[in-house]
Amino acid sequence: MSKTIEYTEGIVPYRHEELMAKVAAQLTDKRYQHCLRVEDTARQLAADNGVDIELAGIAGLLHDYAKQRDDQTFIQLIKTRGMDPDLVSYGNGVWHGYVGAELIKDELHIYNEPILNAVRLHTVGAPYMTKLDQIIFMADFIEPARDFPGVEAAREATAKSLADGVRFQIQHTLDYLIQKGAPVYPQTLATYNAWVGGVDPQFAN
């Protein structure tokens, strides 16, 4: 995994090393190493799918920036930022993306909406997802250390097309939540209905 990435597009007000350090400061080393693998996987998927590699790498590095904050931090932001109040009923799995984008703005002063939206959607998806959104959604799911039944099939589907990967993942996620008896965030269900029901390729891209 490269540690000598140079940012050249002015997307964020940091050098790569500086942004890495800011992410590392918020996470355990295990979670931080996951972010580095997602960054690397996102850059590879971007190169394969005609998406800005630097943009994808930054979004991948940041996707779990808020993962290890306490629940009260998330709940306070939901209440003070005019976010959907129903979000309070769901846990970190939803919060760290949706609400985490607010912490990225507040603490890192990163306001690039494609990056923020990819962070928001990386666990729940959406009926419409840009290629960047799809890349972060899948990079988190298939990064090299992931090891669960079906991960190789997920990697194969993603290699075939991002849309195939998204369809695989959202079906897998819904199956998992149902088997756990866990509540399903409405947007997760909307993503399933849109993507597994068959997406127009123009809509997916």
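Modeller: A salt bridge is counted where a side-chain nitrogen of Lys or Arg lies within 4 Å of a carboxyl oxygen of Asp or Glu. The model discussed here is predicted, and a search of the whole of it finds 13 salt bridges.

Colleague: Which residues are linked in a network of salt bridges?

Modeller: The network links Arg81, Glu102, Lys105 and Asp106. Within it, the side chains of lysine 105 and glutamate 102 meet at 3.2 Å, N to O. Both residues belong to helix H6 and are three residues apart, about one turn of the helix.

Colleague: Which parts of the chain does the salt bridge between arginine 37 and glutamate 143 tie together?

Modeller: The closest N and O atoms of arginine 37 and glutamate 143 are 2.7 Å apart. Arginine 37 lies in helix H2 (residues 29–49) and glutamate 143 in the loop between H8 and helix H9 (151–160), so the pair ties together parts that are 106 residues apart in sequence. Arginine 37 is partly exposed, at 22% relative accessible area, whereas glutamate 143 is buried, at 2%. Another pair is formed by glutamate 17 and arginine 15, whose side chains meet in a salt bridge of 3.4 Å, N to O. Glutamate 17 counts as partly exposed, at 37% relative accessibility.

Colleague: How should the span of helix H2 be read, and what does it show?

Modeller: The expected span of a helix is 1.5 Å times one less than its number of residues. For the 21 residues of H2 this gives 30 Å, and the end C-alpha atoms are 30 Å apart, which agrees. After H2 comes glycine 50, with a positive phi near 70°.

Colleague: What covers the buried residues of H2?

Modeller: The buried residues of H2 include Tyr32, His34, Leu36, Glu39 and Leu45. The cover over the buried residues of H2 includes helix H1 (16–24), helix H3 (53–62), H8, H9 and H10.

Colleague: How many residues of H8 are buried?

Modeller: Eleven of the twelve residues of H8 are buried, and the helix is mostly covered. Among the buried ones are Leu132, Asp133, Ile135, Phe137 and Asp140. Helix H8 covers residues 131–142 and reaches 16 Å from its first C-alpha to its last, close to the 16 Å expected.

Colleague: Which residues have the most contacts inside the largest nonpolar core?

Modeller: A nonpolar core is a set of buried nonpolar residues joined through side-chain atoms within 4.5 Å. The largest such core has 64 residues, and those with the most contacts inside it are Leu19, Leu62 and Ile135. Helix H8 supplies the largest share of this core, eight residues. Neighbours within four places in sequence aside, leucine 19 is in contact with Tyr7, Val12, Tyr14, Ile58, Leu61, Leu62, Leu108 and Ile110.

Colleague: Where do the buried residues of H11 fall, seen down the axis of the helix?

Modeller: In helix H11 (residues 186–196), the residues Thr188, Thr191 and Trp195 are buried. Seen down the axis of H11, the buried residues fall within an arc of 55°, so they line one face of the helix. The face turned away from this buried side carries the exposed residues Pro186 and Asn193.

Colleague: With which residues is glutamine 171 in contact, leaving aside its neighbours within four places in sequence?

Modeller: Glutamine 171, in helix H10 (residues 162–180), is in contact with Tyr192 and Val196. Glutamine 171 and leucine 189 are 18 residues apart in sequence, with their C-alpha atoms 9.6 Å apart in space. Glutamine 171 is partly exposed, at 36% relative accessible area.

Colleague: What is the phi of histidine 109?

Modeller: Histidine 109 has a positive phi of about 55°, although it is not a glycine. The residue is found in the loop between helix H6 (100–108) and helix H7 (113–121), and at 45% relative accessibility histidine 109 counts as partly exposed.

Colleague: Which residues does UniProt list for "domain: HD"?

Modeller: The UniProt record, an unreviewed entry, lists residues 31–145. In the model this span is 66% helix and 0% strand, and its end C-alpha atoms lie 11 Å apart.

Conventions
Residues are numbered from 1 along each chain as its sequence is written. This is a predicted model: local features need pLDDT of at least 70, side-chain atom pairs count only at pLDDT 80 or more; totals for chains, interfaces and linings use all residues. Side-chain values use heavy atoms; hydrogens and water are left out. Helices (H or I, at least four residues) and strands (E, at least two) are DSSP runs, numbered from the N terminus. Buried means under 20% relative accessible area, exposed over 50%, partly exposed in between (1.4 Å probe, protein chains only). The arc is that of the directions from the helix axis to the C-beta atoms. UniProt positions are given in the numbering used here, feature names are shortened, and annotations may be inferred rather than shown by experiment. Contact means heavy atoms within 4.5 Å.
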